[in-house]
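Subject: Handover of a structure

Dear colleague,

Please find the structure below, followed by an account of what was found in it. I would be grateful if you kept it open while reading.

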Amino acid sequence: GMAEKAGYDHFMLKEIHEQPESLRRAISGRLSNGNSQVILDELNLAADEINNYERIYIVACGTAYHSGLVAKYLIEDLVRIPVEVDIASEFRYRNPLVNDKTLVIVVSQSGETADTLAALREAQDRGAKVIAISNVVGSTIPREADEVIYIHAGPEIAVASTKAYINMLIVFYLLTIYLAQLKETISEEEIKRLIKALKQLPNQVAQIIKDSESEIKRFASDYAEYENAFFIGRSLDYAVALEGALKLKEISYIHAESYAAGELKHGTLALIEEGVPVIALATQNSVVDKMLSNIKEVQAREASVTGIVLSDEDEVFKSLDHTIEIPTTEELLTSILTVVPLQLLAYHVAVERGCDVDQPRNLAKSVTVE
Ligand code: G6P
């Protein structure tokens, strides 16, 4: 009933609004007093053990898999170990290159997903150590894993995951810095800088919701009429674009595709025509000029472009149909901010289309059978 939803129309909207608090819980107790180190007391990983790992596998399903795609960028950049991200139902059936020199990280909100559990067992059979990242304390995956990091998102009721995704990301940020500390692949100054930025993320998420929700709600009604939408981005924005497209598909039933923006010209551009919604994520400074050219490509085909940008100063951004500005942070940490407008967009489009937001057709919160 309304009481459990704390006045919100749906659990999904409640959970989106809970994200600042949920992030704070995940960070709490995991930073040293002077904010100079990440502390993950629950982990039993020695420095020489980390140096033994030649490769990391991140294995998961759905939204949890998308959190792994973000983590690949972070870990490869800061820890300098190659990372493979795999869909659990693929990993378990394909003779993966896993042995005692592999660290396997399985990610599961519920801790009960059958495919992820099977992948965990497969990895352990091959001699790998498995860390579980999960939300539900005492669920099967954390119980069977060698190590557990809980995301502390609190109960998530809506089928479409929001606060669990964002908390998976913050835990991956913490874990990445932690591994980099152990492996000494980043300087103390860099650690301090990242931690400082990380601590601001909860307030920045709150600010995005406050500043952009009414505008998103307004243009969601235009987008609700379309049957197709495209999400484009580069680098970390591409990983978040995949999650944005999934959110829209799950709850609004609009067919949404996500593309690495540089790949558009190799096929997808054929689908872009007048009025088609294109959501362009352009928060990665190192590739923003490339994104501007990709945006021009879809504008030339008269797409209706929404930009998720750091600031709308650039002329190209001024010419977009809609722009949502997100606050500035470290380039590696943007994903937690970028996804918020995409969650709100999916939610308001689904409401506009009269969909059952919290209980989408054919989907379950947790899939415990194959
Ligand atoms: C189901 C849910 C998705 C979720 C996926 C993985 O398909 O509908 O929202 O991402 O399972 O769930 P897990 O609990 O393992 O994170």
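Which residue in E7 is the bridge partner of Ile232? The partner of Ile232 is Tyr259. Before going further, please note that this is a predicted model, in which local features need pLDDT of at least 70 and side-chain atom pairs count only at pLDDT 80 or more, while totals for chains, interfaces and linings use all residues. Residues are numbered from 1 along each chain as its sequence is written.

The sheet

Helices (H or I, at least four residues) and strands (E, at least two) are DSSP runs, numbered from the N terminus. Two strands are said to pair if DSSP finds at least two bridges between them. Five strands form an open sheet in the order E7-E6-E8-E9-E10, with parallel pairing. E7 and E10 (322-325) are the edge strands, each pairing on one side only. On average, neighbouring strands of this sheet are turned by 15° against each other, direction ignored; here axes are lines fitted to C-alpha atoms, for helices over the stretch in contact, and angles run from 0 to 180 degrees between N-to-C directions.

Strand E6 (residues 228-233) has five of its six residues buried, a term that requires 20 or more other C-beta atoms within 10 Å of the residue's own, whereas 12 or fewer make it exposed and values in between partly exposed, with C-beta atoms placed from the backbone. E6 pairs with E7 (residues 255-260) in the parallel sense over six bridges. From E6 the chain crosses through helix H10 (residues 236-252) to E7 in a right-handed β-α-β crossover, meaning that, with the strands pointing away from the viewer, the path from the first strand over the helix to the second runs clockwise. E6 also pairs with E8 (residues 277-282), in the parallel sense over three bridges, and Phe231 stands opposite Ile279 in E8. E8 and E9 run parallel and are joined by six bridges; Leu281 stands opposite Ile308 in E9.

Two backbone details

Ala6, in the segment before helix H1 (11-17), has a positive phi of about 50° although it is not a glycine. Ala6 counts as exposed because it has 11 C-beta neighbours inside 10 Å. Glu302 lies in the loop between helix H11 (288-300) and strand E9 (304-309), and its phi is also positive, near 65°. Glu302 counts as exposed because it has 12 C-beta neighbours inside 10 Å.

Yours sincerely
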